[in-house]
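Let's take a look at the charged side-chain pairs in this one. Here are the sequence and the structure to follow along with.

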Amino acid sequence: MMKLWKRASGAIKDRKTLFSIGFSRKTSFRNPDLDSAIIHATSHDDSSVDYHNAHRVYKWIRSSPSNLKPFVHALSSRVNRTRSWIVALKTLMLVHGVLCCKVPSLQEIRRLPFDLSDFSDGHSRPSKTWGFNAFVRAYFSFLDQYSFFLSDQIRRRHKKPQADSVNQELERIQKLQSLLHMLLQIRPMADNMKKTLILEAMDCVVMEIFDVYGRICSAIAKLLIKIHPAAGKAEAVMALKIVKKATSQGEDLALYFEFCKEFGVSNAHEIPKFVRIPEEDIQAIENVINGVDVKEETKEMEEEVEEEKGIILVERPELKTIITDKWEVFEDDYFLTSHEIKEADQHRKYDVDPSPLPLIVIDEPVYFTHTLPDLITF
């Protein structure tokens, strides 16, 4: 009876908000149609999600930069007035989808225009909502940092194009690893959280994990070729930390996907196998740090890496593989030789990431996605 009352109360609130929107005028900060779509997409109903209106919002964001201000205004107003974990979580999922649109105007957002770092649901006892509160806070923390990272990447891309230095690439990988760590904190922890909306949100999180970890893999693959005695000891030290972190995060990811599979997250139904970076590559970096003369060894390693198309850190069992004595190379074109990298750079259509070799290319937002798109292969 209490659940029915809460749903009815939430539905009444949504209708009242929609009714008031009907009397508002369109200005540079207000778009009644966009406002209405946002209210529908972030309704109080925890039993379903409104795919149609979510994608209406995405289309507005992609159609014109002028729609960003009304979007930010309407969303901030919605979040700042709510004490419902349902509305808060749907808002975050909608923001996540908008960020995945990767349009240039998103650089104006920087950090998220609202704060849910201390969110607490006000409609039930804390003993019943603590898990939902923690989920919302963790999701917000990731999206807040991801928005800032994405804004920075867009700004850099639209400046005069120039190749990143090794140090800049190292810093970018570290930021991606930090984002991945934050993603792994987003998980249902309470026993009462197996709900449709939570499962939908976890699908979005899993998709983002594939994307971020894929970028890390791609960047490390290129980085290992560049770390040699001439690169400098400081950069080699940073690279070694990154490689060890990647190995550790691979283990964390395996546990996370196992948890997601048991919880019932559809996008984690098939758990990928995370492969360790070969010990000889780690040893090569340590040799640079220790000042060991490995010029000839490094040269041979670079030639071998270029010939065998680079490192692979993630594999999916359904793909055909070619086994060599040192590498496991998949028959896809996400890891290429240096010559193929240059060609791929001329034709790629990835909207934000300056790396020419993302493992995953997603043209559509991942909000409310049930299955992995065909383009995601490892």
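## Asp144 and Arg111

In this predicted model, Asp144 and Arg111 bring their side chains together in a salt bridge, with N and O 2.9 Å apart. Asp144 sits in helix α6, which covers residues 126–157, while Arg111 is in the loop between α5 (85–99) and α6, so the contact ties together parts that are 33 residues apart in sequence.

Are the two partners buried or exposed? Asp144 has a relative accessible area of 10%, and because the cut-off for buried is under 20%, it counts as buried. Arg111 comes out as partly exposed, at 40% relative accessibility.

## Arg30 and Asp35

How many salt bridges does the structure hold? There are 3, and another one of them joins the side chains of Arg30 and Asp35, with an N to O distance of 2.9 Å.

On the Arg30 side, relative accessibility is 26%, which makes that residue partly exposed. Asp35 is buried, its relative accessible area being 5%.

## Arg215 and Asp211

Then there's the salt bridge between Arg215 and Asp211, where the closest N and O atoms are 3.0 Å apart. Where do these two residues lie? You'll find both in helix α8 (residues 196–226), and they are 4 residues apart, about one turn of the helix.

As for solvent, Arg215 is buried, and Asp211 is buried too.

Notes:
Residues numbered from 1 in each chain as written. Predicted model: local features only at pLDDT ≥ 70, side-chain atom pairs only at ≥ 80, totals over all residues. Heavy atoms only, no water. Salt bridge = Lys/Arg side-chain N within 4 Å of Asp/Glu carboxyl O. Buried < 20%, exposed > 50% of the residue type's maximum accessible area, 1.4 Å probe, protein only. Helix = DSSP H or I, 4+ residues; strand = E, 2+ residues; numbered from the N terminus.
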